[in-house]
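Subject: The structure I promised

Hi,

Here is the structure I wanted to pass on to you. Have a look at it first, and then read on for my notes.

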Amino acid sequence: MKRIAWLLMIGLTLMWLLLTGSASPGNVLLGAALSVAMTLWFSAVRPLHPHLRRPRAALRLFWRVAADVLRSNYAVARIVLGLTAKRNVHAGFVDIPLAVRDPHALATLAAIVTSTPGTVWANLSPDNRVLTLHVLDLRDPQHMRDTIKHRYEDLLREIFE
Amino acid sequence: MSADMLPPWLLLPVSLLLIFGGLLTLLGSLGLLRMKTFYQRMHPPSMGNTMGAGCVLIASMLVSSGLAGRPVVHEVLIAVFIVTTSPITAMLLMGAAVHREASQREKREP
């Protein structure tokens with residue numbers, strides 16, 4: 001018996017309600033019916049099912065990322081305005097060995113890295129073990145590796161693995 | 001009901017958010033112009049993509065909630081779509097650039 005993707009169904013229903021902008025009983029029923037049908041039909045095309053083990057950890061990750069987005073926006077704005085004239089800002093690639101294996105966790109990490117200005121996902125080795133990032137203000141590669149590991153990767157493993 | 005009939009305590013944060021979001025997006029575009037290499041240019045526009053868009057979306061939520069007289073939050077979906085799709089664009093662009101660089105290097109030193 002395959003696990004039923006409750007979260008996906010609830011998420012799709014919520015999305016339907018938000019898009020149509022009404023929470024009347026008939027609309028809720030219609031949205032729920034559509035979500036259940038879509039989840040069941042499309043589960044064949046989506047062979048991997050994420051296991052969201054720790055919702056509270058996901059919330060913690062969300063706030064952490066929000067704070068980092070604020071901070072890195074400020075940092076990149078300073079660089080664009082040339083407010084770092086005294087210090088030589090140089091960009092570069094950094095290789096980061098990854099311990100996280102779950103594809104959904106990797107996808108989430110990609111979203112996090114892309115949404116924080118100053119870091120861009122450049123490459124993932126074919127065996128999913130080494131992530132290459134391009135960093136706008138690369139001061140200390142080891143510091144960057146530790147940041148990814150302790151700020152995001154540990155929490156992602158807690159959530160997905 | 002038009003937007004200028006909304007109370008000032010709502011319009012003030014909305015205006016501030018719009019100005020701030022616009023400035024951030026402008027800064028991002030300026031960065032696109034000022035940076036030297038392709039890789040560096042990847043970074044600044046994501047400011048408009050994250051906080052710039054975020055500010056405008058929150059402003060939009062406030063105005064439409066004020067106009068409708070009930071919470072309107074479907075702008076959250078726009079944020080969700082941006083966050084889930086932008087990594088794909090970024091990865092494709094970076095992958096193409098890395099690939100191009102590698103093939104040019106190969107041509108120079110066979």
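**A helix in chain A, and what surrounds it**

In α4(A), the buried residues are A:Ala105, A:Thr108, A:Leu109, A:Ala111, A:Ile112, A:Val113, A:Thr114 and A:Ser115. Please keep in mind that this is a predicted model. The helix covers residues 103-115 of chain A, 13 residues in total. From its first C-alpha to its last it reaches 18 Å, close to the 18 Å expected at 1.5 Å a residue.

What do the buried residues of α4(A) pack against? Within chain A, the partners are α3 (55-80), β2 (119-124), β3 (130-135) and α5 (141-160). Chain B takes part as well, through its α3 and α4.

**The strands of chain A**

Two of those partners, β2(A) and β3(A), pair with each other in the antiparallel sense over 5 bridges. They form a hairpin with 5 residues between them, and A:Asn128 in the turn has a positive phi of about 65 degrees. β3(A) also pairs with β1 (residues 92-97) of chain A, again antiparallel, over 6 bridges.

As for domains, the assignment of chain A gives domain 1 (6-42) and domain 2 (55-160). Their centres, taken over C-alpha atoms, are separated by 33 Å.

**Chain B**

Along the principal axes, the C-alpha atoms of chain B fill a box of roughly 70 × 25 × 15 Å. Of its 110 residues, 25% count as buried. Among the contacts in chain B with a separation of 6 or more, 59% come from residues 24 or more positions apart.

**Where the chains meet**

How many residues of chain B are in contact with chain A? There are 27, and they touch 23 residues of chain A. Two or more residues each come from α1 (8-34), α2 (38-41), α3 (45-68) and α4 (75-108) of chain B. The most come from α4(B), with 11 residues. By type, the side of chain B that touches chain A divides into 17 nonpolar, 9 polar and 1 charged.

Best wishes

How values were computed
Residues numbered from 1 in each chain as written. Chains lettered and ligands numbered in written order. Predicted model: local features only at pLDDT ≥ 70, side-chain atom pairs only at ≥ 80, totals over all residues. Contact = placed C-beta atoms within 7 Å. Helix = DSSP H or I, 4+ residues; strand = E, 2+ residues; numbered from the N terminus. Nonpolar A, V, L, I, M, F, W, Y, C, P; charged D, E, K, R; others polar. Domains from an automatic or database assignment. Expected span 1.5 Å × (residues − 1). Buried ≥ 20, exposed ≤ 12 C-beta atoms within 10 Å, placed from the backbone. Pairing = 2+ DSSP bridges.
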